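Hi,

Here is the structure I said I would pass on. Have a look at it first, and then read my notes below.

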Amino acid sequence: SVEDNSNAMKANLRVGDIITKIDGKDVKSIDTISNVLKKCKEGDKITLMIVYENGRTYTEREVKVTLN
């Protein structure tokens, strides 16, 4: 879920979004995301590549998120 008033919500992330890249690294599993986030601290900015459903197709977009 995306919490109200969170940085994820401010970055317009939605339930169902699929993270395909995090800071330029292809996401093959949740471990990829965990490994990147372990190296981050509060206030760091990360870039996500998101795929989301757009009607009957999928659309890709880049999202920048500040960690808190």
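**The sheet**

Four strands make up an open sheet in the order β2-β1-β3-β4, with antiparallel pairing. β2 (25–26) and β4 are the edge strands, each with a single partner, so one side of each has no neighbour in the sheet. Bear in mind throughout that this is a predicted model.

Going through the pairs, β1 and β2 run antiparallel and are joined by two bridges. Lysine 21 stands opposite aspartate 26 in β2, and isoleucine 22 stands opposite lysine 25 of that strand. The two strands form a hairpin with two residues between them, and aspartate 23 in the turn has a positive phi of about 50 degrees.

β1 also pairs with β3: four bridges join them, again antiparallel. If you want a place to start looking, isoleucine 18 has valine 51 in β3 as its bridge partner.

Then comes β3 with β4, an antiparallel pair joined by 10 bridges. Here isoleucine 46 is opposite valine 65 in β4. This pair is a hairpin too, with two residues between the strands, and glycine 55 takes a positive phi near 75 degrees in it.

As a reminder, nonpolar side chains tend to be buried together in soluble globular proteins. In this model the largest nonpolar core has 11 residues: Ala11, Leu13, Ile22, Ile33, Val36, Ile46, Leu48, Ile50, Val63, Val65 and Leu67. α2, β3 and β4 are the elements that give two or more residues to this core, and β3 gives the most, with three.

Leaving aside neighbours within four places in sequence, valine 65 is in contact with Asn7, Ala11, Leu13, Asp44, Lys45, Ile46 and Leu48. Ile46 is in that list, and isoleucine 46 is also the residue that stands opposite valine 65 across the strands.

Of the 22 residues that line the largest pocket, Ser1, Ala8, Leu13, Ile19 and Leu48 are the closest to its centre. Two or more lining residues come from each of α1, β1, α2 (30–38), β3 (45–54) and β4 (57–66). β3 gives the most to this lining, with three residues. By class, the lining has 13 nonpolar, six polar and three charged residues.

Asparagine 5 has a positive phi of about 60 degrees although it is not a glycine. Asparagine 5 lies in the segment before α1 and is exposed, because its relative accessible area of 67% is over the 50% cut-off.

Asparagine 12, also not a glycine, has a positive phi of about 70 degrees. You will find asparagine 12 in the loop between α1 (7–10) and β1 (18–22). Buried or exposed, or something in between, for asparagine 12? With a relative accessible area of 38%, asparagine 12 is partly exposed. Not counting residues up to four places away in sequence, asparagine 12 touches Asp17 and Arg61. For a sense of distance, asparagine 12 and threonine 59 are 47 residues apart in sequence and 14 Å apart in space, C-alpha to C-alpha.

Last, have a look at threonine 32, which lies in helix α2. Why does threonine 32 count as buried? Its relative accessible area is 17%, and buried means under 20%, so threonine 32 qualifies. Beyond its neighbours within four places in sequence, threonine 32 is in contact with Ile22, Lys25, Asp26 and Val27.

Cheers

How values were computed: Residues numbered from 1 in each chain as written. Predicted model: local features only at pLDDT ≥ 70, side-chain atom pairs only at ≥ 80, totals over all residues. Heavy atoms only, no water. Buried < 20%, exposed > 50% of the residue type's maximum accessible area, 1.4 Å probe, protein only. Contact = heavy atoms within 4.5 Å. 1 Å grid on protein atoms, 1.4 Å probe; cavity = no way out; pocket = protein on both sides within 12 Å on 5 of 7 lines; lining within 4 Å. Nonpolar A, V, L, I, M, F, W, Y, C, P; charged D, E, K, R; others polar. Core = buried A, V, L, I, M, F, W, Y, C linked by side-chain atoms within 4.5 Å. Pairing = 2+ DSSP bridges.
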